[in-house]
Amino acid sequence: MRADGSRQMAGGRKIRSLSRHTVGFFLVLAASCSCLLPLTTVHAQFSQTQGNSPLYSSRPYEARAPSGLPKALNGVGIDQKLNEQLPLDLEFRNEHGETVRLGDYFGKKPVVLSLVYYQCPMLCNQVLNGMVTAFRVMAFQPGQEFEVVTVSFDARETSALAAAKKNTYVNYLPEARRSAATMGWHFLTGDEANIKRLTEAVGFRYHFDEATNQFAHASAIYVTTPEGKLARYFYGIEYAPRDLRLGLIEAAENKIGSPVDQLLLYCYHYDPTTGKYGAAVMNIMRLGGVITLVGLVALLFSLRRRGRAQVAWRAGGAA
C-alpha cells in the first residue's frame, strides 16, 4: 500500500510539474512572438500624413511642382477634412423637384454622401456602381441603418435626371431592399452657390473642361455622422462592404452593429492615408495573447482534473 501510495503521489507531482512547465513554455512563446514585429514598423503604419496618389491626400491641397498628371487634372483631387462639419443649411432640389435642406437627411442615422453628376459618361457611374454593389451584400440597408445622399455637382442638371438615376440604381438592389432604399437614398441637384459650399466643405476639387464638355474630378464616397461631421473617406470606385460597414458603425458611435463588429473594430483601424481599414497588428497580437492564456488555463484545469481522476481511480483499484 505504501509503494502504491508513493507511486500515486509521484504521478500527481509529475502531472502538476508538466502543467507548470507547459504553461511556462507557452507564456515564453507568446512573449517572444510579441517582440517579432519591430516598433518602427508599427509606427510607420500610422504616422504617415499623406497618401501616395496626387489625387487623394490627407493634407489640404497646396500648389506645388508638376505632379505628372495630365493638364486637365491639375488642381483636381480630394482633401480629407475629417471631423469637419458639413453646412446643413444648404438648399437643394430632390428628385421630385422639391426644395430641401441638406440637414433634412441628418439627425438620426449616419449618412453615406457621394458627389457625382448624372450625365457623366463614365467615372460617376462607376462610383454609383461601386456603392450599389456594396449595398447589395451589406447586412445594413440604406433607409434603415443609414441614409444615402447623392448630390450632382453640375448646376445644369435637373430633378428629372436625378429621378431617372435614382430609379436605375434603386432597381439594382434586391427586391426586398428597394422599398427602404426608395425612402433612404436621395438624389439631389442644386445651384452653383450651394454646390460650391458643399464641395469645399468635403474637400472635393474639380473643374469643367470645355474641350471635352465634361468635368474633371476624382472619385470617392464619404461617411458622415448623424450630426453631419465627416467621419470617413473611401476612395476609388469599389468600396469593400466590410470597410463601409465599420465606417458606418464608428460614425454612429457604435449605436448600430453587433458584438462581432466591435471585435472587428478592435482588430481593424481606419487609415486616413489609404482610406481603408487595415489590421491593427498590436491589437490582434494582444487578442491572440488573451486567447492563448485562456487556452492555457483551460489546458491546466483539464490536466489537473485528469490527474485527480487518475489518482482516485488508482486508489480505488488498490482498495
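The model is a predicted one, in which local features need pLDDT of at least 70 and side-chain atom pairs count only at pLDDT 80 or more, while totals for chains, interfaces and linings use all residues. Residues are numbered from 1 along each chain as its sequence is written, and side-chain values use heavy atoms, with hydrogens and water left out.

Cys 120 is buried as well, because its relative accessibility is 6%. How many disulfides does the structure hold? The count is 0, where a disulfide is a pair of cysteine sulfur atoms within 2.5 Å. The cysteine sulfur closest to that of Cys 120 belongs to Cys 124, and because the two are 3.4 Å apart, they are too far from each other for a bond.

## Charged pairs

The structure contains 8 salt bridges, each being a side-chain nitrogen of Lys or Arg within 4 Å of a carboxyl oxygen of Asp or Glu. One of them joins Arg 156 to Asp 154, with 3.0 Å between the closest N and O atoms.

Another salt bridge is formed by Arg 232 and Glu 250, whose closest N and O atoms are 2.7 Å apart. Because Arg 232 lies in strand S12 (residues 230-235) and Glu 250 in helix H7 (residues 241-251), this pair ties together parts that are 18 residues apart in sequence; here helices (H or I, at least four residues) and strands (E, at least two) are DSSP runs, numbered from the N terminus. Arg 232 is buried at 17% relative accessibility, while Glu 250, at 29%, is partly exposed. A further salt bridge brings together the side chains of Asp 243 and Arg 242, at 2.9 Å from N to O; in this pair Asp 243 is buried, with a relative accessible area of 5%, and Arg 242 is partly exposed, at 35%.

In soluble globular proteins, nonpolar side chains tend to be buried together. The largest nonpolar core of this model has 65 residues, of which Val 112, Met 131, Phe 135, Leu 198, Tyr 222 and Leu 244 touch the most other members. Helix H3 (residues 123-137) supplies the largest share of this core, with 7 residues. Such a core is a set of buried Ala, Val, Leu, Ile, Met, Phe, Trp, Tyr and Cys residues joined through side-chain atoms within 4.5 Å.

Which residues does Phe 135 touch, not counting those up to four places away in sequence? They are Val 112, Pro 142, Phe 146, Val 148, Leu 173, Arg 177, Trp 185 and Leu 244, where touching, or contact, means heavy atoms within 4.5 Å.

## Aromatic rings

There are 17 aromatic pairs in the structure. Tyr 169 and Trp 185 make a tilted one, with 6.5 Å from centre to centre and 50° between the planes. This pair links distant parts of the chain, since Tyr 169 is in helix H4 (residues 159-170) and Trp 185 in strand S7 (residues 185-188), 16 residues apart. Both Tyr 169 and Trp 185 are buried. Phe 204 and Tyr 206 also form a tilted pair, at 5.5 Å centre to centre and 35° between the planes. Rings of Phe, Tyr and Trp (its six-membered ring) pair if their centres lie within 6.5 Å, and planes under 30 degrees apart count as stacked, over 60 as edge-to-face and the rest as tilted.

Phe 204 is buried, at 4% relative accessibility, but Tyr 206 is partly exposed, at 22%. Tyr 118, Phe 135, Phe 146, Tyr 169, Tyr 172, Trp 185 and Phe 187 make up one aromatic cluster.

## A glycine in a loop

Gly 203 is found in the loop between helix H6 (192-202) and strand S8 (204-205), and with 6% relative accessibility this glycine counts as buried. Although Gly 203 and Gly 77 are 126 residues apart in sequence, their C-alpha atoms are 8.1 Å apart in space. Leaving out residues up to four places away in sequence, Gly 203 touches Gly 77, Ile 78, Asp 79 and Lys 81.

Definitions and conventions
Buried < 20%, exposed > 50% of the residue type's maximum accessible area, 1.4 Å probe, protein only.
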